[in-house]
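Welcome! Keep the picture beside you as you read.

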2 protein chains.
Amino acid sequence: MKKTILVFALLVLALYTLFRISKYSLFIGDTPIELIITAIAIVFFIVGIYINKKSLQKPQQATKEIDHQKIKELEITSREYEVLQAISAGLSNKEIAEKLFLSESTIKTHVSNLLVKLNAKRRTQAVQIAKTQKIL
Amino acid sequence: MKKTILVFALLVLALYTLFRISKYSLFIGDTPIELIITAIAIVFFIVGIYINKKSLQKPQQATKEIDHQKIKELEITSREYEVLQAISAGLSNKEIAEKLFLSESTIKTHVSNLLVKLNAKRRTQAVQIAKTQKIL
DNA sequence: AGGCTTTTGGTACTTTAGTATGAAGCCCGT
DNA sequence: ACGGGCTTCATACTAAAGTACCAAAAGCCT
């Protein structure tokens with residue numbers, strides 16, 4: 001937001017400067033106005049692209065960001081979330097246990113709790129739900 | 001690609017038209033040049049935003065596009081691909097069987113073949129591999 | 001028509017996943 | 001210090017997933 005205002009201020013400033021240049025060139029006489037206009041066109045063209053890129057990058061990143069609020073709402077604990085990430089990576093319970101230095105029983109407990117909290121019947125469904133909920 | 005060329009052609013045309021208008025206004029006399037310049041600036045600003053939006057939408061969709069070539073390379077058949085999609089949706093073998101009007105045995109066969117072709121040990125891993133390979 | 005791949009299905013078995021229940025240790029706030 | 005949530009682990013199941021191997025019908029391609 002602040003950046004947008006800043007860029008817009010610079011835009012107005014540039015417009016004013018270009019006014020000054022155009023007036024100056026008129027007083028000089030037969031300075032090629034086409035050149036000035038082309039320069040203005042290119043500058044505003046680039047500025048338009050730049051501003052648009054800035055405004056479009058935000059929603060692009062937003063879709064990739066994870067909803068930490070949602071995780072809290074679902075009461076998913078940090079350990080459970082670690083397991084969830086491991087599941088989405090395609091690991092088995094045994095592999096997750098080895099990765100986190102835990103027993104397979106513990107992983108099974110976490111997975112079971114995750115399935116309840118995510119309202120899923122299987123780990124694959126849990127991953128799918130987590131992704132649509134922007135948790136993963 | 002064709003659209004970009006079209007827009008660019010329109011851009012050049014607009015530039016030429018604006019040249020004509022600017023020259024005409026000079027012959028007229030003291031027509032406010034600031035207005036013309038502002039108009040040019042606004043037009044190119046908008047065109048800049050428009051072109052940028054068009055060019056940015058493509059890579060956004062490109063990341064979501066699936067690599068059909070890769071599917072062929074991995075020798076994944078159409079039926080197997082349907083099963084793969086169902087797996088990523090979080091369905092069980094039984095649910096997939098019901099969805100595709102097949103027996104669970106058939107689904108198991110397809111899944112087994114998929115795991116070999118995707119070099120995965122589990123269905124969850126298969127989904128993960130398929131997504132990194134841009135098959136899903 | 002014969003050969004090929006795909007698709008379908010089965011049996012029998014092993015492995016992994018998931019449920020239910022209980023329990024112990026830990027940390028944190030009151 | 002006590003209660004409560006988190007984490008850890010275990011046992012004993014049931015259910016689902018996956019493997020191996022086989023086999024038949026269907027669809028192509030030449």
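## Chain A at a glance

Chain A contains seven helices and zero strands. Read from the N terminus, its elements follow the order α-α-α-α-α-α-α. Please keep in mind that this is a predicted model.

Chain A has 136 residues, and 37% of them count as buried. Take the contacts in chain A with a separation of 6 or more: residues 24 or more positions apart account for 60% of these.

## Two helices that cross

Let us start with a pair of helices in chain A. Two packed helices are described by the angle between their axes and the distance between the axes. For α4(A) and α6(A), the axes come within 9 Å and cross at roughly 90 degrees. The two helices, α4(A) and α6(A), are therefore roughly perpendicular to each other.

Which residues of α4(A) and α6(A) meet? From α4(A) come R79(A), E80(A), V83(A), L84(A) and I87(A). Their partners in α6(A) are I107(A), H110(A), V111(A), N113(A), L114(A) and K117(A). Sorted by class, the residues of this contact between α4(A) and α6(A) are six nonpolar, two polar and three charged.

## Helix α7 of chain A

Helix α7 of chain A covers residues 123-132, and its buried residues are R123(A), T124(A), A126(A), V127(A), I129(A) and A130(A). What covers them? The cover over the buried residues of α7(A) includes α4, α5 (93-99) and α6 of chain A, and also α4 and α7 of chain B. After α7(A) comes K134(A), which has a positive phi, near 60 degrees.

## Around DNA strand C

Now let us turn to the DNA. There are 18 residues around DNA strand C, and those that come nearest are K108(A), S112(A), R123(A), T77(B) and R79(B). If you look at the atoms of DNA strand C within 4 Å of the protein, 69% belong to sugar or phosphate, and the rest to bases.

K108(A) has a polar side-chain atom 2.6 Å from a base oxygen of DNA strand C. Two residues of chain B sit by phosphate oxygens of DNA strand C: a polar side-chain atom of S78(B) lies 2.9 Å from one, and an N or O atom in the side chain of R79(B) is 2.7 Å from one. The elements giving two or more residues to the surface near DNA strand C are α6 (104-117) of chain A, and α4 (78-88) and α6 (104-117) of chain B.

## Around DNA strand D

DNA strand D is also surrounded by 18 residues, the closest being T77(A), R79(A), K108(B), S112(B) and R123(B). Among the atoms of DNA strand D within 4 Å of the protein, 68% belong to sugar or phosphate and the rest to bases. The surface near DNA strand D has three nonpolar, 10 polar and five charged residues.

Here too there are atom pairs to look for. The side chain of K108(B) places an N or O atom 2.8 Å from a base oxygen of DNA strand D. A polar side-chain atom of S78(A) is 3.2 Å from a phosphate oxygen of DNA strand D. With N93(B), a backbone N or O atom lies 3.0 Å from a phosphate oxygen of DNA strand D. Two or more residues of the surface near DNA strand D come from each of α4 (78-88) and α6 of chain A, and α6 of chain B.

Is S92(B) buried or exposed? Buried means under 20% relative accessible area, and S92(B) counts as buried because its relative accessibility is 15%. You can find S92(B) in the loop between α4 and α5 (93-99) of chain B. Not counting residues up to four places away in sequence, S92(B) touches R122(A) and R123(B).

Q133(B) belongs to the segment after α7 (123-132) of chain B. With a relative accessible area of 28%, Q133(B) is partly exposed. Leaving aside neighbours within four places in sequence, Q133(B) is in contact with D67(B) and K70(B). The C-alpha atoms of Q133(B) and K70(B) are 7.6 Å apart in space, although these residues are 63 residues apart in sequence.

Definitions and conventions. Residues are numbered from 1 along each chain as its sequence is written. Chains are lettered from A and ligands numbered from 1 in the order in which they are written. This is a predicted model: local features need pLDDT of at least 70, side-chain atom pairs count only at pLDDT 80 or more; totals for chains, interfaces and linings use all residues. Side-chain values use heavy atoms; hydrogens and water are left out. A residue is near a molecule or strand if one of its heavy atoms lies within 4 Å of it. A polar contact is a pair of N or O atoms within 3.5 Å; within protein, one must be able to donate a hydrogen and the other to accept it, and residues adjacent in sequence count only if both atoms are side-chain atoms. Helices (H or I, at least four residues) and strands (E, at least two) are DSSP runs, numbered from the N terminus. Buried means under 20% relative accessible area, exposed over 50%, partly exposed in between (1.4 Å probe, protein chains only). Contact means heavy atoms within 4.5 Å. Ala, Val, Leu, Ile, Met, Phe, Trp, Tyr, Cys and Pro count as nonpolar, Asp, Glu, Lys and Arg as charged, and the others, Gly among them, as polar. Axes are lines fitted to C-alpha atoms, for helices over the stretch in contact, and angles run from 0 to 180 degrees between N-to-C directions. Angles under 35 degrees count as roughly parallel, over 145 as roughly antiparallel, 65 to 115 as roughly perpendicular and the rest as oblique.
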